[in-house]
Amino acid sequence: MSEQTLTIIKPDAVAAGNAGKILAHLEGEGFRILGLKRLHLSRDQARAFYEVHRERPFYDSLVEFMTSGPVMAAALERDDAVAGLRRVMGATNPEEADEGTIRALYASSIEKNSIHGSLSPENAALELAFFFSRAELIGA
Ligand code: GDP
């Protein structure tokens, strides 16, 4: 069933000039780009986005990294988009990511791992609303 999910091309991939290649990879996997924004997250925005991880030891470092340069946030649509994006991204740690996945191709470490993807349909709805208004995604 057609579903929406949220991806973020992280600062490492944008800085390395890989944003276009990653978007092309996603289109090649059947994702339609419904919305796309380039933005430089503030500290408060990054902290809020990763609120679920606030007790994790890497939280401060993750917030630092995610605010280190511009990102590209994209709303994606496809059949089985949430789980499909997770498969196309590969494992969090690029050393464990399957060959040909975005993280295997573009990530440099478990933190600087090039791309974010929503974990569940419920999480996707929250994350899409974080970056895009309903009006921007209706009929896109
Ligand atoms: P994801 O859903 O695959 O992105 O992974 P998580 O939700 O577990 O973690 C969120 C993000 O935090 C990851 O994508 C990494 O950028 C970062 N991260 C996760 N685990 C670690 C870790 O052990 N160390 C550091 N420095 N960063 C991590």
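Which residues lie nearest the centre of the largest pocket? Select Y50, V52, H53, L62 and H116, which hold that position among the 24 residues of the lining. A pocket here is an open set of points on a 1 Å grid over the protein atoms alone, with protein on both sides within 12 Å along at least five of seven lines, and lining residues have an atom within 4 Å of a point.

The model is predicted: local features need pLDDT of at least 70 and side-chain atom pairs pLDDT 80 or more, while totals for chains, interfaces and linings use all residues. Residues are numbered from 1 along each chain as its sequence is written, and side-chain values use heavy atoms, with hydrogens and water left out.

Next, display the elements that give two or more residues to the lining of the largest pocket: α3 (43-49), α5 (81-89), β4 (115-117) and α7 (121-131). These are DSSP runs numbered from the N terminus, with helices (H or I) of at least four residues and strands (E) of at least two. The largest share of the lining, four residues, belongs to α7.

Now show the ligand, which sits in the largest pocket; that is, more than half of its atoms lie within 2 Å of the grid points of the pocket. Around the ligand, select K10, H53, F58, L62, R86, T92, R103, I110, E111 and N113, each with a heavy atom within 4 Å of the ligand.

Finally, inspect the polar contacts (pairs of N or O atoms within 3.5 Å). For N113, a side-chain N or O atom is 2.9 Å from an oxygen atom of the ligand. At E111, a backbone N or O atom lies 2.8 Å from a ligand oxygen atom.

Key:
Polar contact = N/O pair within 3.5 Å; in protein donor to acceptor, adjacent residues only side chain to side chain. 1 Å grid on protein atoms, 1.4 Å probe; cavity = no way out; pocket = protein on both sides within 12 Å on 5 of 7 lines; lining within 4 Å.
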